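Here are my notes on this model, written for someone who likes to know the cut-offs. Have a look at the fold before reading on.

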Amino acid sequence: MVDLKNKIRALRSSFDEGLAQAGDKDSLKELRNTYLSRKKGRITLLLKELKNVSPTERPEVGKQVNEFKNYVAQKLEEYSKTLEEPRHIKFDMDLTLPGKRRYRGAPHPILLYKKRIEQIFLLMGFSIEDGPEIETDYYNFEALNFPPHHPARDDWDTLYLSDDLLLRTHTSPVQIRVMEKKKPPIRMINPGKVYRRETPDPTHIPMFYQVEGLVVDLGITFAHLKGTLECFLKALYNEKIKIRFRPSYFPFTEPSAEVDIGCTVCRGEDRQCRVCGGSGWIEILGAGMVDPQVLKNVNIDPEKYSGFAFGMGIDRTAMFSFRIPDLRNFYENDLRFIRQFS
Ligand code: PHE
């Protein structure tokens with residue numbers, strides 16, 4: 001009797017196997033014959049063997065044989081249906097449901113903008129340099145011609161870490177670090193973060209990006225500074241951008257200038273414009289000829305060499321370019337804002 005039960009089990013698994021391999025109607029028919037044919041079907045033979053089982057156990061074993069028979073018949077039926085139906089209906093899924101959307105990361109607009117700036121300067125033959133964000137008083141101020149207690153230090157609300165260490169207030173210390181290491185000709189930019197003790201408002205934040213530029217070589221004049229910045233700003237904005245130079249003051253450049261561009265928001269037509277205050281101009285960078293004293297500080301002979309430098313706020317420039325009304329948008333980590341730039 002145990003024999004018969006085992007037989008059923010074995011037959012069942014060989015039937016399942018046969019069914020899995022049956023790929024068309026003919027093989028299905030063959031399978032049906034093998035198991036259910038009235039004379040020599042494997043199940044028919046099983047039923048015949050029932051008489052060898054003891055009368056007490058016969059009902060139970062009989063029941064199992066019958067169940068197996070129904071199972072085979074049902075499976076064959078089901079499978080023959082699927083063979084008749086078009087294949088895709090076999091999938092138990094609703095193809096009209098919306099899929100799961102996967103979010104692809106997007107670069108931050110400031111980084112995209114920084115890349116754009118780097119690309120333009122790389123094409124003009126500049127190298128890209130790096131420098132520390134924690135600086136010493138010497139690099140941030142003194143080597144740049146700000147003696148201790150010089151009133152020009154008040155232009156920067158500085159975040160000091162100790163008497164001598166501070167978070168750099170501008171990228172200009174990288175000018176010194178590069179000139180200490182390399183001899184002219186030097187043509188470099190340094191994009192990076194700078195820090196100032198500011199209360200955040202639409203146009204001020206305590207951490208922002210600047211890009212520093214420095215060129216030192218034989219015979220460099222103010223005309224080179226003007227030509228380079230005009231070429232750069234036209235590439236960054238467009239050919240028609242209006243540019244003006246205003247005299248200014250920095251301890252490390254002489255003469256110094258500030259550069260304005262025509263307001264990209266109102267184009268000089270709105271007296272109430274919140275971006276340019278109605279003047280039609282927005283300031284984007286400081287620049288000038290490297291002060292001879294700064295060259296001396298790094299052992300470059302100012303009688304032989306001259307240079308120009310500039311420092312531009314990246315966030316501010318990006319803000320005008322993308323016409324974003326509030327600088328703080330860049331740092332609020334609102335993905336809806338960031339994704340617009342990918
Ligand atoms: N470092 C100056 C600033 O942060 C900008 C500047 C750079 C000016 C280089 C002149 C030359 O305002």
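1. Ground rules first: two strands pair if DSSP finds at least two bridges between them. Helices (H or I, at least four residues) and strands (E, at least two) are DSSP runs, numbered from the N terminus. This is a predicted model, in which local features need pLDDT of at least 70 and side-chain atom pairs count only at pLDDT 80 or more, while totals for chains, interfaces and linings use all residues. Residues are numbered from 1 along each chain as its sequence is written, and side-chain values use heavy atoms, with hydrogens and water left out.

2. The chain splits into domain 1 (2-84) and domain 2 (109-341), with bounds from an automatic or database domain assignment. Their C-alpha centres lie 86 Å apart.

3. In the 2-84 stretch, look at helix α2 (residues 25-36) and helix α4 (residues 58-84), which pack at an angle of about 170° with their axes 11 Å apart. Axes here are lines fitted to C-alpha atoms, for helices over the stretch in contact, and angles run from 0 to 180 degrees between N-to-C directions. Angles over 145 degrees count as roughly antiparallel (under 35 is roughly parallel, 65 to 115 roughly perpendicular, the rest oblique), so α2 and α4 are roughly antiparallel to each other. Residues making the contact include L28, L31 and Y35 of α2 and F68, V72 and L76 of α4; contact means heavy atoms within 4.5 Å.

4. Now the sheet: it is open, has 7 strands in the order β1-β5-β6-β10-β9-β8-β7, and its pairing is mixed. The edge strands, each pairing on one side only, are β1 (127-128) and β7 (243-250). Helix α10 (residues 314-322) packs on the sheet and touches β5, β6 (207-218), β9 (281-290) and β10 (305-313), its direction making about 60° with that of β10.

5. Which way do β1 and β5 run? They are parallel, with 2 bridges joining β1 to β5 (residues 186-195). The bridge partner of S127 in β5 is M188, and that of I128 is I189. On to the next strand: β5 and β6 run antiparallel with 10 bridges, and M188 stands opposite L214 in β6.

6. β6 and β10 are antiparallel too, joined by 9 bridges; Q210 stands opposite G313 in β10. Another 5 bridges join β9 to β10, again antiparallel, and L285 has M312 of β10 as its bridge partner.

7. How covered are these strands? In β10, 8 of the 9 residues are buried, and β5 is largely enclosed by the rest of the structure because 8 of its 10 residues are buried. Buried means under 20% relative accessible area, exposed over 50%, partly exposed in between (1.4 Å probe, protein chains only).

8. Helix α5 (residues 109-123) has 15 residues and spans 21 Å from first C-alpha to last, close to the 21 Å expected at 1.5 Å a residue; that expectation is 1.5 Å times one less than the number of residues. After α5 comes G125, with a positive phi near 85°.

9. Leaving aside neighbours within four places in sequence, E118 is in contact with I128, I189 and P191. I128 and I189 are the bridge partners from point 5.
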